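Biologist: Hi! Could you walk me through this one? I'm still new to reading structures.

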Amino acid sequence: MAAMLEVEHLCAGYGTPVVKDISFSVEGGELVGLLGRNGSGKTTLLRSLTGSAKVTGGRVLLDGEDWGRLSHRQRACRVALMPQRPQLLPGLRAREVLEMGRYPWTGPLRPAGEEGRKRVDQAARQFGLEELLDTDCAALSEGQRQMVHLGRAVVQDAPVLLLDEPNSALDFYNTQLLFQTVGGLIRTQRKAGLVVLHDPALALTWCRRLLLLRQGELVGEVCPAQAGEAEIQAVLRRIYPDICVKRDKDSGAYWCGLAENGEK
Ligand SMILES: Nc1ncnc2c1ncn2[C@@H]1O[C@H](COP(=O)(O)OP(=O)(O)OP(=O)(O)O)[C@@H](O)[C@H]1O
């Protein structure tokens with residue numbers, strides 16, 4: 001059976017190559033973490049999967065279908081992206097931003113319909129947005145706005161969900177809510193999830209596999225449930241030299257930090 005998302009020898013960039021010959025796949029039901037230093041090409045990789053960064057080589061298959069042969073609208077029904085810096089659309093209330101998630105299905109600026117309203121209300125409940133639905137997004141805090149855009153991506157209900165640093169402005173509680181809720185959706189609805197994260201401990205806790213990107217190339221992959229501390233640490237050192245990884249035997253919680261001078 002084909003993976004929900006298959007990326008084969010993908011190259012992408014902005015005139016100059018950024019993503020270089022990357023291949024990986026994500027199965028339905030799997031949340032995969034994408035880690036890499038600043039500027040390593042994570043956002044470009046995600047943007048190339050939605051058509052907003054130019055693909056210059058390779059191919060992408062969505063549940064076996066060639067992405068390149070799909071229209072923009074067909075792609076948007078299959079791939080939802082929560083961008084790193086969502087555009088601020090002045091005058092739009094949170095409810096209207098959530099409803100934008102239905103546009104690939106209904107057509108732009110069309111009413112959400114009963115199914116759409118149900119999904120918007122459900123996302124508002126799931127992400128604690130009910131009190132904010134009538135607020136102008138310009139009047140929301142950074143973290144509140146990030147939760148609205150997370151809700152919009154979920155309302156889009158695509159089988160592939162791409163999240164670009166979705167917790168960068170979130171407090172501890174909303175970060176847990178994000179991973180519990182999105183993790184649950186991915187498992188129960190067999191979606192393929194790919195999430196860019198900067199916190200390796202968070203990625204080790206919530207993601208089934210981690211992919212490591214360095215200067216536009218995939219340089220490692222690790223599955224936390226199948227690897228011990230030493231193996232995880234060795235793989236993570238390909239992008240974070242001197243990182244130390246510890247796993248608490250009782251709770252299973254991960255701790256990551258940098259080695260002190262001389263400690264390896
Ligand atoms: N619109 C653009 N035009 C030209 N070059 C770009 C553009 N966006 C990004 N780049 C370049 O592509 C490279 C990768 O950037 P990208 O945003 O994909 O990295 P990233 O891994 O997501 O970084 P960060 O962790 O800082 O968000 C960088 O060298 C950056 O300067």
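**A buried helix and its surroundings**

Modeller: Happy to! Eleven of the 14 residues of α6 are buried, so α6 is largely enclosed by the rest of the structure. Buried here means that 20 or more other C-beta atoms lie within 10 Å of the residue's own; with 12 or fewer it is exposed, and in between it is partly exposed, the C-beta atoms being placed from the backbone. This is a predicted model, where local features need pLDDT of at least 70 and side-chain atom pairs count only at pLDDT 80 or more, while totals for chains, interfaces and linings use all residues. Residues are numbered from 1 along each chain as its sequence is written.

Biologist: Which residues of α6 are buried?

Modeller: They are Q144, Q146, M147, V148, H149, L150, G151, R152, A153, V154 and V155.

Biologist: How far does α6 reach from its first C-alpha to its last?

Modeller: It reaches 20 Å with its 14 residues, close to the 20 Å expected at 1.5 Å a residue. The expected span is 1.5 Å times one less than the number of residues. After α6 comes D157, with a positive phi near 55°.

Biologist: New topic, sheets! What is the strand order in the open sheet of six?

Modeller: The order is β6-β7-β8-β3-β9-β10, with mixed pairing. At the edges are β6 (79-82) and β10 (217-222), each pairing on one side only. Two strands pair if DSSP finds at least two bridges between them.

Biologist: In which sense do β6 and β7 pair?

Modeller: Parallel, over four bridges, with β7 being residues 160-164. L81 has L162 in β7 as its bridge partner. Helix α6 (residues 142-155) packs on this sheet and touches both β6 and β7, and its direction makes about 180° with that of β6. For such angles, axes are lines fitted to C-alpha atoms, for helices over the stretch in contact, and the angles run from 0 to 180 degrees between N-to-C directions.

Biologist: What about the open sheet of four strands?

Modeller: Its order is β2-β1-β4-β5, and the pairing is antiparallel. Here the edge strands are β2 and β5 (65-66). Strands β1 (residues 5-14) and β2 (residues 16-26) share seven bridges, and G13 stands opposite P17 in β2. Their hairpin has one residue between the strands, and G15 takes a positive phi near 95° there.

Biologist: How many residues lie between the strands in the hairpin of β11 and β12?

Modeller: Six, and G252 in that turn has a positive phi of about 80°. Strands β11 (residues 243-247) and β12 (residues 254-258) pair in the antiparallel sense over five bridges.

Biologist: Last one: which residues surround the ligand?

Modeller: Y14, V18, G36, N38, G39, S40, G41, K42, T43, T44 and Q84 do. By type, the shell has two nonpolar, eight polar and one charged. In that count Ala, Val, Leu, Ile, Met, Phe, Trp, Tyr, Cys and Pro are nonpolar, Asp, Glu, Lys and Arg are charged, and the others, Gly among them, are polar.

Methods. Helices (H or I, at least four residues) and strands (E, at least two) are DSSP runs, numbered from the N terminus. Two residues are in contact if their C-beta atoms, placed from the backbone, lie within 7 Å. A residue is near a molecule or strand if its C-beta atom, placed from the backbone, lies within 6 Å of it.
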